Amino acid sequence: MKLAYQYKLLPTYEQRCRMDKWLDRLRYQYNYLLADRFDWWEMNRCPVNACPLVCSIAQPREQPEYYGQKRSLVSLKQEREWYADLHADVLQEMVKRVDLALARFIKGDKNGQRSGKPRFKGKNRYRTFAYPRVKPDCIQGNQVTLPKLGEIKLIQHRLVPEGFTIKRALVTKKADSWYVTLTLEDKSVPDLPAIEIQPTETNSIGVDAGLEYFIACSDASTKQPPKFYRQSEDKLAKLQGKRDARAKGSKPRRKLNERIAKLHQRIARQRKQWHFETARELIDRAEVIFVEALKVSKMSRRHQPKPGEDGTFLPNGQAAKSGLNKSVADAGIAGFLNDVLPYVAERAGKRVVKVHPAGTSQHCAMCLNRVPKELSDRWHECPDCKASMARDLNSGLLIKKVGLGVRLTIERESRNGRRSPRRTA
């Protein structure tokens, strides 16, 4: 089993300056190696000894790859002596970071999903360096010993569990301080097996996630989103207005940027803490939790422009959609459904099942008949069974039924205007 514990560091002034220099040097070399990959891609485009017609004629050369760029670090330390101050493992992890960024862009992950084109790292955009191996006893008391950095004080808010060995360390610079993330491993404890709890009517619950109610459950319980960003929006606007009035590159502008970053960090931490508390509440209520397989990125897309006949653009409702997008980001629905809730459920031995969201807001949870609604309709009224409830509560009941294997009723319009017979499973 592997765990990750994060501690806040309290480095001295000399240690902070040294780690800042490390980040700058790693960033320079990261950009150089990334540019070397891009140059080869532009000039060669293929690994064979040929030059395509779409690029300028250049001398064919071997494709830059992970091990070749790692070997270049030897000459780098000879040509630039200041790179000898960096630990060798830290430099090699930087090369691995370049290789992973290109691999995700060209080949994609295990699901075939590709990332965007890697970007060059600007100032304060490269914030982490890694030690792939550290001593198992690197923590002694309230200090952690890192190679070439020495002993650094930390706030050890929780002890390393017995039997776990420290294998890896990540040092990250955040808005308020430096942090170290330790990877712990205990080979005697197996990884959590795949959870195969059979859902039933009594041990399961359906959860509909939204903005009016952050969660609306099939047991009629609801929870509204706290809107942490909205609460701090005025304060952020004032700080950003002051920041924009200061000269670029000045010390007052830098100080205001630090205050803005700390406020954003506080909002993110409030949201994450609230997500974990909400997830634990759901886990305590049921063994199987049904949620919708939402694509939140599509929910927050911009509206397509509407060109007019005279060459201008017609109103497309993007002003109202911008406020909706901000609320979606403030609630953090994607992070809750995809990261926090499955993590808490797995640690507790529970199960989270995603169901297809089609029709979960357009049918009645009592009689399963189709009741069409617009997005602005927030109340469910069924003309057949006279069911009346909040739209999100109706969706929570439907999500549970779909998860238990009930197919929703579909009414199709025939060509002659008559409704075809209803079909159910």
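This is a predicted model: local features need pLDDT of at least 70, side-chain atom pairs count only at pLDDT 80 or more; totals for chains, interfaces and linings use all residues.
## E93 and its partners

Setting aside neighbours within four places in sequence, E93 is in contact with A130, P132 and R168. You will find E93 in helix α3. Is E93 buried or exposed? With a relative accessible area of 17%, E93 is buried, because the cut-off for buried is under 20%.

## Helix α3 meets helix α1

Stay with helix α3 for a moment, and look at its partner. Helix α3 covers residues 88–106, and helix α1 covers residues 13–43. Their axes are 10 Å apart, and the two helices pack at an angle of about 40°. Therefore α1 and α3 are oblique to each other. The crossing in which α1 passes α3 is right-handed.

Which residues of the two helices meet? From α1 come W22, L26, Q29, Y30, L33, L34, R37, F38 and W41. They meet V90, L91, M94, V95, R97, V98, D99, A101, L102 and I106 in α3. Sorted by class, this contact has 15 nonpolar residues, one polar residue and three charged residues.

## Helices α5 and α6

Helix α5 spans residues 233–245, and helix α6 spans residues 251–285. The two axes come within 9 Å and cross at roughly 160°. The pair is therefore roughly antiparallel, because an angle over 145 degrees counts that way. Here α5 passes α6 in a left-handed crossing.

On the α5 side, the residues in the contact are K235, L236, L239, Q240, K242, R243 and D244. On the α6 side, they are R253, L256, N257, R259, I260, L263, H264 and I267. Sorting this contact by class gives six nonpolar, three polar and six charged residues.

What does Q318 touch, leaving aside its neighbours within four places in sequence? Its contacts are R302, H303 and N325.

## Two loops with a positive phi

Here is a backbone detail to look for. Most residues other than glycine have a negative phi. K148, though, has a positive phi, near 70°, and is a residue other than glycine. K148 sits in the loop between β4 (143–146) and β5 (150–155). Its relative accessibility of 39% is why K148 counts as partly exposed.

A220 is another residue other than glycine with a positive phi, in this case near 75°. Look for A220 in the loop between β9 (215–217) and β10 (222–223). With a relative accessible area of 56%, A220 is exposed.

E162 is in the loop between β5 and β6 (165–173). Is E162 buried or exposed? E162 is exposed, since its relative accessible area is 80%. The C-alpha atom of E162 is separated by 9.0 Å from that of D186, a residue 24 places away along the chain.

G349 is found in the loop between α9 (333–348) and β14 (351–355). A relative accessible area of 37% makes G349 partly exposed. Although G349 and I283 are 66 residues apart along the chain, 9.4 Å separates their C-alpha atoms.

## Stepping back to the whole chain

How many helices and strands does the chain have? Its secondary structure comes to 10 helices and 16 strands. Taken along the principal axes, the C-alpha atoms fill a box of roughly 80 × 65 × 50 Å. Of the 425 residues in the chain, 37% are buried.

Contacts also link parts of the chain that are separated in sequence. Among contacts between residues at least 6 apart in sequence, 64% join residues at least 24 apart.

## Confidence in the model

Finally, consider the predictor's own confidence. The average pLDDT of the chain is 88, and 92% of the residues score at least 70. Where does the pLDDT fall below 50? That happens over residues 410–425, a stretch with 19 contacts in the model beyond near neighbours in sequence.

Terms used:
Residues are numbered from 1 along each chain as its sequence is written. Side-chain values use heavy atoms; hydrogens and water are left out. Axes are lines fitted to C-alpha atoms, for helices over the stretch in contact, and angles run from 0 to 180 degrees between N-to-C directions. Helices (H or I, at least four residues) and strands (E, at least two) are DSSP runs, numbered from the N terminus. Angles under 35 degrees count as roughly parallel, over 145 as roughly antiparallel, 65 to 115 as roughly perpendicular and the rest as oblique. A crossing is left-handed if the near helix is turned anticlockwise from the far one by less than a right angle, and right-handed if clockwise. Contact means heavy atoms within 4.5 Å. Ala, Val, Leu, Ile, Met, Phe, Trp, Tyr, Cys and Pro count as nonpolar, Asp, Glu, Lys and Arg as charged, and the others, Gly among them, as polar. pLDDT is the predictor's confidence in each residue, from 0 to 100. Buried means under 20% relative accessible area, exposed over 50%, partly exposed in between (1.4 Å probe, protein chains only).
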